[in-house]
Amino acid sequence: MKTSRRKFMQNALKAIPLAGAGIPLVFSPANGAVARKPLNETLKNNEPRFIALQFFQVALPYAYNALEPHIDAMTMEIHYTKHHATYIKNVNEAIAAENIIYTNEKEFFANASKLSAKARNNGGGSWNHNFFWQVIKAGGSGAPTGKIADAINGSFGSFDKFKEQFSKAAITRFGSGWAWLVNDGG
């Protein structure tokens, strides 16, 4: 069963456990990047030589077929092994070619407006996918509860109205189609 990009986004949005929206976004090696670390050698001016910031793919925390029938195994495998892997390859190439010297993801993204389109877009795609793989899970769809449900109902009127607006935001977004629900200080 093949899935179009539009259908993939629609189904992925249904499958995302909204309870995961309460998880703080932390920039750390667990989220897919490693800070620059000194090597055991020095340059001519006695400064340590560094390993550049690198982005890495997080391990997929489930089998490719775990999200069926919403997202089929072939779509997941291609998306993870080809699409996401290409973001990782391209951002790491940009870091090396452009001598980007930021020490971690937080610094990298804080300075995104200063980076090339290749570094910025592929860094964002890498991070978005790493986050996505970790918050989506088999059987994880359903209406949120507690504070998240209260906030969604207060802001959108109902969970169904939120899903309509959120899906529209993702589907009509040029390029990658990413949409985020963000708590901006309440």
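Which side chain meets that of glutamate 93 in a salt bridge of 3.0 Å, N to O? In this predicted model, the partner at that distance is lysine 89. Both residues belong to helix H2, which spans residues 73-97, and they stand four residues apart, about one turn of the helix. Glutamate 93 is partly exposed, with a relative accessible area of 35%, and lysine 89 is likewise partly exposed, at 48%.

## A link between helices

Glutamate 93 also forms a salt bridge with the side chain of lysine 118, at 3.1 Å from N to O. Because glutamate 93 lies in helix H2 and lysine 118 in helix H4 (residues 117-135), this pair ties together parts that are 25 residues apart in sequence. Lysine 118 is partly exposed, with a relative accessible area of 35%.

## The remaining pair and the network

The structure holds three salt bridges, and one of them joins the side chains of aspartate 160 and lysine 163 at 3.7 Å, N to O. Aspartate 160 is partly exposed at 48% relative accessibility, and lysine 163 is partly exposed at 38%. Through shared partners, salt bridges join Lys89, Glu93 and Lys118 into one network.

## A buried phenylalanine

Phenylalanine 55 sits in strand S4, residues 54-55, and is buried, with a relative accessible area of 0%. Its C-alpha atom is 9.9 Å from that of asparagine 122, a residue 67 positions away along the chain.

Methods:
Residues numbered from 1 in each chain as written. Predicted model: local features only at pLDDT ≥ 70, side-chain atom pairs only at ≥ 80, totals over all residues. Heavy atoms only, no water. Helix = DSSP H or I, 4+ residues; strand = E, 2+ residues; numbered from the N terminus. Buried < 20%, exposed > 50% of the residue type's maximum accessible area, 1.4 Å probe, protein only. Salt bridge = Lys/Arg side-chain N within 4 Å of Asp/Glu carboxyl O.
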